[in-house]
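Subject: Structure handover

Hi,

Here is the structure for you to look over. My notes follow below it.

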Amino acid sequence: MNLRRLPARAAVAVLTSFVVTGSAIAGLKESARTVVVDLAARTAQGHFSGARATADATQLITCSAYIGDSQPHAEGGISRFTNCVAVDSKGVSAFCWTADSAMLASVLSMTGDSMIYISWNANGHCVSIDVRQSSALEPKR
Amino acid sequence: MRPVWLSHALAGAAGVVLGALAVHLWSSPSRADDARASAAVADDGSTIVTPSDASASDERLRRLLREELARRDGLPVARTASPPAASTAPAFAHSADVEARSARANAVLDAATARLAWREEDAVELRQLLSALPPAEREALMTRFAQAVNDRGMRLETLGPPF
């Protein structure tokens, strides 16, 4: 090992660590906050935190999971379903629901900072519920 | 010590007694046999299935007598001997209360669809109604709700979930 060059290597290492730290502080940040509803394409998307942070009081994106027994003293009353709602800045609304257990699990995995994308068919049944977690998404304020 | 001839005599006597007892039991008619014989007289040629116990036989006899009396009096014969078939209806009991809730839920949705706005009070009421509806009716209602929102432009004005 060349001891004369050791300080130079240490300096490079220190500088590299600053660069790495600096890039983590900067990071990629998505600024899109608006809820987008496309009724013709039967799709909607939005970011929980971003929608909440918008200036208007209209935008909304919500997903709910329901498990209930409407006949607790007999068989056949249990049902499970989930639904999602999206409202854009103009008040255009979208709704889909499903009893699919995998989609219900997807809704249960959402957090307050999730970005979601939904699509539905002609009967309003959810065709997809995509959940995205990302460092680029701003946290709820 | 007992003589051999005495043992043989006792065994023979026991055999005679057992044999007589067996013949008596074999030849005695049971209550079921009595009922079967009576029923055969009352019925006009129809085949009678032998019952497995006396009570079933008595019940069949009563039924046959009722049928014969009804025929004699010119009344329609009701054959109610066989039990009704098992119900294949869904497990959920449809009561008048369920029907009333379903009608009210659809009325709430119809009113909101007409005004093209789904409000917080609608959500509260439908949430309560939905919890008591059978799954099939609940799903039909949600499909109608989705079509009102996505196809007819009903706006969601609730603060949270629509119901």
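Start with Phe145(B). This residue is buried, at a relative accessible area of 1%. (Buried means under 20% relative accessible area, exposed over 50%, partly exposed in between; 1.4 Å probe, protein chains only.) Phe163(B) is buried too, at 10%.

Some ground rules. This is a predicted model: local features need pLDDT of at least 70, side-chain atom pairs count only at pLDDT 80 or more, and totals for chains, interfaces and linings use all residues. Residues are numbered from 1 along each chain as its sequence is written, chains are lettered from A and ligands numbered from 1 in the order written, and side-chain values use heavy atoms, with hydrogens and water left out.

Aromatic pairs

The whole structure holds five aromatic pairs over all chains. (Rings of Phe, Tyr and Trp, the latter by its six-membered ring, pair if their centres lie within 6.5 Å; planes under 30 degrees apart are stacked, over 60 edge-to-face, the rest tilted.) Phe145(B) and Phe163(B) are edge-to-face, because their ring centres are 5.2 Å apart and their planes at 85°. Phe145(B) sits in helix α6 (135-150) of chain B and Phe163(B) in the segment after β2 (155-156) of chain B, so the pair ties together parts 18 residues apart in sequence. (Helices, H or I of at least four residues, and strands, E of at least two, are DSSP runs numbered from the N terminus.) Ring pairs also link Phe95(A), Trp118(B), Phe145(B) and Phe163(B) into a cluster.

Salt bridges

There are four over all chains. (The cut-off: a side-chain nitrogen of Lys or Arg within 4 Å of a carboxyl oxygen of Asp or Glu.) Between chain A and chain B the count is zero. Arg144(B) bridges to Asp110(B), with the closest N and O atoms 2.4 Å apart. Arg144(B) lies in helix α6 of chain B and Asp110(B) in helix α4 of chain B, so this pair joins parts 34 residues apart in sequence. Arg115(B) and Asp122(B) meet at 2.8 Å, N to O. Arg115(B) is partly exposed at 33%; Asp122(B) is buried at 6%.

Interface

27 residues of chain A contact 27 of chain B, contact being heavy atoms within 4.5 Å. The buried area is about 2,000 Å², with 58% from carbon and sulfur atoms. (That is the accessible area, 1.4 Å probe, that two parts lose on being put together, summed over both.) In chain A, Ser70(A), Phe95(A) and Trp97(A) lose the most area to chain B, together 27% of what that side buries.

Best wishes
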